[in-house]
Amino acid sequence: QVQLVESGGGLVQPGGSLRLSCAASGFTSNDYAIGWFRQAPGKEREAVSCISSSSVGINWYVGSVRGRFSVSRDNSKNTVYLQMNSLKPEDTGIYYCAGKRGISGTYSTRFDEYDSWGQGTQVTVSS
């Protein structure tokens, strides 16, 4: 059974950092593209970052987080991380990781193309 479990969310002051984890079970995360999405109250779910399937990870970031967030994969732990630095209040939301099996080296920013989802973890950036 494919399962994704996020962790690492919390309350942080503006300018602070958090590292989100997405632990995969039931499949090898390296075979899946992993997307990080977030949803703020009253807003649509948006793609924040993606890492492609295969060992040669191709990363993508939405413009608002580029240079502040970093996605990485630890195959030995079957886990994908999202390191978030210089956090801003507008980064607040529920963060989800999602898995998509596909052609090696590809990813998608469309949430409807992902078929496995975690339960989400709350990130709140506030003073």
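**Stop 1: Arg110 and its partners**

Select Arg110 and Glu113. Their side chains meet in a salt bridge, with N to O at 3.8 Å. You are looking at a predicted model. Glu113 is partly exposed, with a relative accessible area of 34%.

**Stop 2: a salt-bridge network**

How many salt bridges does the structure hold? The count is five. Select Arg68 and Asp91 next. Their side chains form a salt bridge, N to O 2.8 Å. This pair links distant parts of the chain, 23 residues apart. Arg68 sits in the loop between β6 (59-61) and β7. Asp91 sits in the loop between β8 (79-84) and β9.

Arg68 is buried, with a relative accessible area of 11%. Asp91 counts as buried as well, at 1%. The cut-off explains the label: buried means under 20% relative accessible area, so Arg68 at 11% qualifies.

Salt bridges that share partners join Arg38, Glu46, Arg68 and Asp91 into one network.

**Stop 3: the four-stranded sheet**

Switch to a cartoon view. Find the open sheet of four strands, in the order β1-β3-β8-β7, with antiparallel pairing. Which strands stand at the edges? They are β1 (3-7) and β7 (69-74). Each has a single partner strand, so one side of each is left without a neighbour in the sheet. The twist averages 15° from one strand to the next.

Zoom in on β1 and β3 (residues 18-25). They pair in the antiparallel sense over five bridges. Select Ser7: its bridge partner in β3 is Ser21. Then select Val5: its bridge partner in β3 is Ala23.

Stay on Ala23 and step across to β8. Ala23 has Thr79 as its bridge partner in that strand. Six bridges join β3 to β8, and the two strands run antiparallel.

**Stop 4: the disulfide**

Select the cysteines Cys22 and Cys97. What joins them? A disulfide does, with S to S at 2.1 Å. A disulfide is a covalent bond between the sulfur atoms of two cysteines. The count for this structure comes to one.

Look along the S-S bond. The angle about the bond is 70°, and the link of Cys22 and Cys97 is right-handed. The pair links distant parts of the chain, 75 residues apart. Cys22 lies in strand β3, and Cys97 lies in strand β9.

Are these two cysteines buried or exposed? Cys22 counts as buried, at 1% relative accessibility. Cys97 is buried too, with a relative accessible area of 0%.

**Stop 5**

Now select Cys50. The cut-off is 2.5 Å between cysteine sulfur atoms. Check the surface again: Cys50 is buried, with a relative accessible area of 0%.

**Stop 5: Thr106**

Where is Thr106? Thr106 lies in the loop between β9 (93-101) and β10 (116-117). Thr106 is partly exposed, with a relative accessible area of 28%.

Show what surrounds Thr106. Leave aside its neighbours within four places in sequence, and Thr106 is in contact with Ala33, Ser52 and Ser53. Last, select Ile103. The backbone oxygen of Ile103 lies 2.6 Å from a polar atom of the side chain of Thr106.

Key:
Residues numbered from 1 in each chain as written. Predicted model: local features only at pLDDT ≥ 70, side-chain atom pairs only at ≥ 80, totals over all residues. Heavy atoms only, no water. Buried < 20%, exposed > 50% of the residue type's maximum accessible area, 1.4 Å probe, protein only. Contact = heavy atoms within 4.5 Å. Polar contact = N/O pair within 3.5 Å; in protein donor to acceptor, adjacent residues only side chain to side chain. Pairing = 2+ DSSP bridges. Axes fitted to C-alpha atoms, helices over the stretch in contact; angles between N-to-C directions. Salt bridge = Lys/Arg side-chain N within 4 Å of Asp/Glu carboxyl O.
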